[in-house]
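Good morning, and thank you for coming.

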Amino acid sequence: MSIQLPSQFDANHIEMVHTLLKVAAEPDQPSAPGRRKAAEQAVQKCLFVPGFVPVVHAIFCNTKVAHNVRFVAIVCAKNAVSQHWGKTQRRVPFRRRGAAPSPPAPPPASEADKRQLKSALLQSVLRESDTLLARHGALLAALVVRAEVRGMGRSAGRSVGGGGGPSQAPQFWPDFFPTVMDGLRSESQDVVFNALQILFHAMDTFSKMKILVHKMLFQAQSARVLPALQQLFQTLASNLSTDMLSIQQLPGGTPPSFAVQKISGMRQRVKLCLFAAKTLRRCIVNGYVRE
Amino acid sequence: MGTFVSDHCDVHQHVPSRQLTEVCGVYDRTPSFAESPAAHAYFSFVLPMLKQLNSSVVFLETISAKDEFRSVADVYRDTEKVLTTMAKTVAKVRGQNCTGLHPRRPVCRAMTDPDLQLFFLEH
């Protein structure tokens, strides 16, 4: 059983991709054995087809779609970005002597796809109310950051080598930090939590990059992010500590259930504080290296 | 009249902290963060906060050990992770070698070490 796929996806294919993801996400039906496997194989082939990532992102953004289908959509986007986006077209394919010719590599991801995803991804993840989907959205954003940094590493290297510095290096994804910082200042705790998640995963991925140019870019970004992040961490940790102290000083004879209820209500805020502390650690430890 | 703490837990008991043993690694780097403008604000906040959070973690650990308070175990774990992360950062910035120290030693050290106090006063 084979599924016919278009050579390029656009908005007209959302319904078709949705059906494909739905079949791939659900258990195999006894009436149609092998249908799920065929759908999975088709999805695998789609990862390299131009226009696929914006289409799966559109499905992810649609809150009326079933949760498991949205989950498969964001996982597909992550796979496509991690396997495909950092690649550049090899001019002469490497071939070991005597080995059979390898199949041609898929073409690099189109700039239009990248632009389309980058323009809509952050807002969709910031607004996401489901914790699991928000986490995977944040991981997708981190993968895009890594691909972008790798993509611009060569041009930044020229600028650093040419007497410039990381501060003069071209910006990757210019909207990334302003959008995330706006999210951190939001009134909604969910938006702040998602923004911190995105920032943590992005800085975590970025801080692990080993090439000198990437490290210099990370240092430049760390210095920009650190003051706002430190301010946020101080506010979160102070509030947390004050509330914790007030629970410890509850008068004797207070019913334990009251204290437990108050502590359980702090769950989300402790997680926020943890993300801020971990991001701060990445920025301090990897953003300031020994001279 | 006692407090909630003295009614329900003993904060003076020794509470080993597994996560803090992770701090016991060799940190031989001397990052330039200590000389950066952000360092003063960070450390003047982090030192007292380590002390406060340490007491909260002890409180939460004792409380979550009781059967009726099991539901706060995840809050305890996350609070301890916050404390550990802060302690690790301080240790790393100081280039501290914590091998073989008591599990709680790095946090205690961050609070009581006179050299460290002086270091922070100077900044």
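Is K81(B) buried, exposed or partly exposed? With a relative accessible area of 37%, K81(B) is partly exposed, where buried means under 20% relative accessible area, exposed over 50%, and partly exposed in between (1.4 Å probe, protein chains only). This is a predicted model, in which local features need pLDDT of at least 70, side-chain atom pairs count only at pLDDT 80 or more, and totals for chains, interfaces and linings use all residues. Residues are numbered from 1 along each chain as its sequence is written, chains are lettered from A and ligands numbered from 1 in the order in which they are written, and side-chain values use heavy atoms, with hydrogens and water left out.

K81(B) forms a salt bridge with D78(B), their closest N and O atoms being 4.0 Å apart; the term denotes a side-chain nitrogen of Lys or Arg within 4 Å of a carboxyl oxygen of Asp or Glu. D78(B) is buried, at 6% relative accessibility. Helices here are DSSP runs (H or I, at least four residues), numbered from the N terminus.

Let us turn to chain A. K114(A) pairs with E111(A) in a salt bridge, with 3.9 Å between the closest N and O atoms. K114(A) is buried at 13%, whereas E111(A) is exposed at 51%.

E148(A) and K118(A) form another salt bridge, at 2.9 Å. E148(A) lies in helix α6 and K118(A) in helix α5, so the pair ties together parts 30 residues apart in sequence.

Methods: Helices (H or I, at least four residues) and strands (E, at least two) are DSSP runs, numbered from the N terminus.
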